[in-house]
Amino acid sequence: MKLRTKLTLFFSAITLIPLLSMGVFTYQVSSKMMKEQVSKGIMENLTQINKNLAFFSRDIEQLSNYIYRSEFVQDKLQKSSTRTNLEKYQDFELVNELFDSVLGTKNWTINVYIIGFNGDRYFTGDYLPPQYNQISENWGIFRKAKEANGTVVWDTHYTIRHAESQEVVLRVGQLLKNQQSEAIGYLIIDILEPSIAELYQSNYHSNQEQMYLIDSEGYIISGYPSKTTIGTRMKHESIDNILNSQRGFFDTTLNHKKYITIFDTNEETHYKVVNYTPESEITKNSQPIKYLTLLLIVIAFIVTVWFTYLFAISITSPINRLKIVMKKVEKGDLDVRFQANYEDEVSELGRNFNSMIMKLQTSIQESLEKKSRLQEAEINTLRAQINPHFLYNTLETMSAIAKIKGVRMISDLAIALGEMMRYSIKKDSEYVRLEEDLLLLERYLFIQEVRFQTKIKITISVEESAKKLLIPPLLIQPLVENAIIHGLETKVGQGMLSIRITHNESLLCIKIKDDGMGMDDKKLAAVTNLLESKVTSSQLGIGLENVVKRISLYYGNRYGVTIASEENVGTTVSMKLPVMRGKRGESHD
């Protein structure tokens, strides 16, 4: 069978992927719908809780206003503070009867305190808290009630101790006035946490839920079942989202588990009821859909495997074998071969692959041999275009005769030129230290100074640390020779030749500058084009061409020689090489 037919049958049998996609999609959509539906149901419950809180708040305010308008209370608070204890006790009993009458039908867990400026103290609890015995008009509920000037104000009971068991969670305050609008005392109503909790505990459905009532600033007024954070500001990551929105639900985490945060805000009190419900509790009703979807996927998977098994061996086996062979070739093993046992497309591809590997193996071998021979021959040719043996021996003889005849200058010239020949003969290594090549340059410049006398003034500047760097031998001298022959030799008057060598972490820079004849723009452009194209030309001269080719062979086209010149002003030749250190040269490029 052809591979095309096999693949057609193979992919026709695959139904697992679309079924998986449809199953996952169905489950995700159903879970999302379930989560939204349950979250909206919980939100409706929270809205009802907020309505109950609003009714409760209005009842508390009506109680406060009733006491505020009570002529009986006003009469007691305007009595003299010097009346007898019996009279005070009788007034206390009468006020308690008033409390019983207004609170008798209520099941609220609250404490009412009337604090008169005349020293009278009336309260419904077992004792009078110390903070209410003395009127501190700059503190808490007193300050807010005074600023409200007779209007009912609410205050949340704050704390900084998370573990403190809170009883009083809200306070209601009102400045009491007589008929002449004179302040006669304060009315304080302490609302205990059970009064708030009973408004929403009936809506608590799960042991894993957590409900909170918080004020507009994010402080927790009440909580269920955990009450340890009452009176503190909520520090959960969801608080900003809750405070900045009116109602809604969103995903969050609580105790490293996934939860749904559902909240609603009362428009009258601005209190927010917040419910944290585990996501697993909300989505548990979608479990049957998940199991049904999973069952269908398993059945489809079994059927798919049964259909695909017959085709898998015949299709994947030869492909896997070819892949293994390719991996070995990728790692450099060109001796492996693919065993083609059939007449299908995979076997044909394998035979073509074998043929390609054999041709590639032959081509690589020939290329390596050719490149090795070519590079070796070219480098050797460039480094030694003239065999200097006979010339060196002749110069040794000339030096000896000059010494015998007493002609010291000729002897020094012969020695300098002989050392240059000795250097070119003995330097068989690829790289030399820069200081060695500079010794050759010094001997060459000595010969030129003898030749030209004071016509050429030479300055050399070399960074001390650069002297130990490695370069190919005989790179600098040809460029200096070019500067003398083409730039300074034909110049009228004295010429200047400057050699400056610097380096940084990655680059060695050699700059040779003369103030000789220079080149016009046309000639400079032609020379620059020849340098960039690496084309052999007589315009470059054998020395410069030699240097350019050797740099290209040693380092590639990234490094090389650049020329800047101006006619009758001078020429600057810059050579850039990679910084190399070590015995054989380790590039730091």
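## Helix α14

Helix α14 (residues 434-452) has 19 residues that should span 27 Å at 1.5 Å a residue, and the 26 Å between its end C-alpha atoms agrees with this; the expected span is 1.5 Å times one less than the number of residues. Helices are DSSP runs of H or I with at least four residues, strands are runs of E with at least two, and both are numbered from the N terminus. Gln-453, with a positive phi near 60°, follows α14.

## Basis of the model

The model is predicted: local features need pLDDT of at least 70 and side-chain atom pairs pLDDT 80 or more, while totals for chains, interfaces and linings use all residues. Residues are numbered from 1 along each chain as its sequence is written, and side-chain values use heavy atoms, without hydrogens and water.

## Salt bridges around Asp-91

A salt bridge places a side-chain nitrogen of Lys or Arg within 4 Å of a carboxyl oxygen of Asp or Glu; the count by this rule is 14. Asp-91 pairs with Lys-76, with the closest N and O atoms 3.1 Å apart. This pair links helix α4 (residues 85-103), which holds Asp-91, to helix α3 (residues 71-77), which holds Lys-76, across 15 residues.

Asp-91 is buried at 3% relative accessibility, where buried means under 20%, exposed over 50% and partly exposed in between (1.4 Å probe, protein chains only). Lys-76 is also buried, at 6%. Lys-79 forms a further salt bridge with Asp-91, again at 3.1 Å between the closest N and O atoms. A salt-bridge network links Lys-76, Lys-79, Arg-83, Asp-91 and Asp-120.
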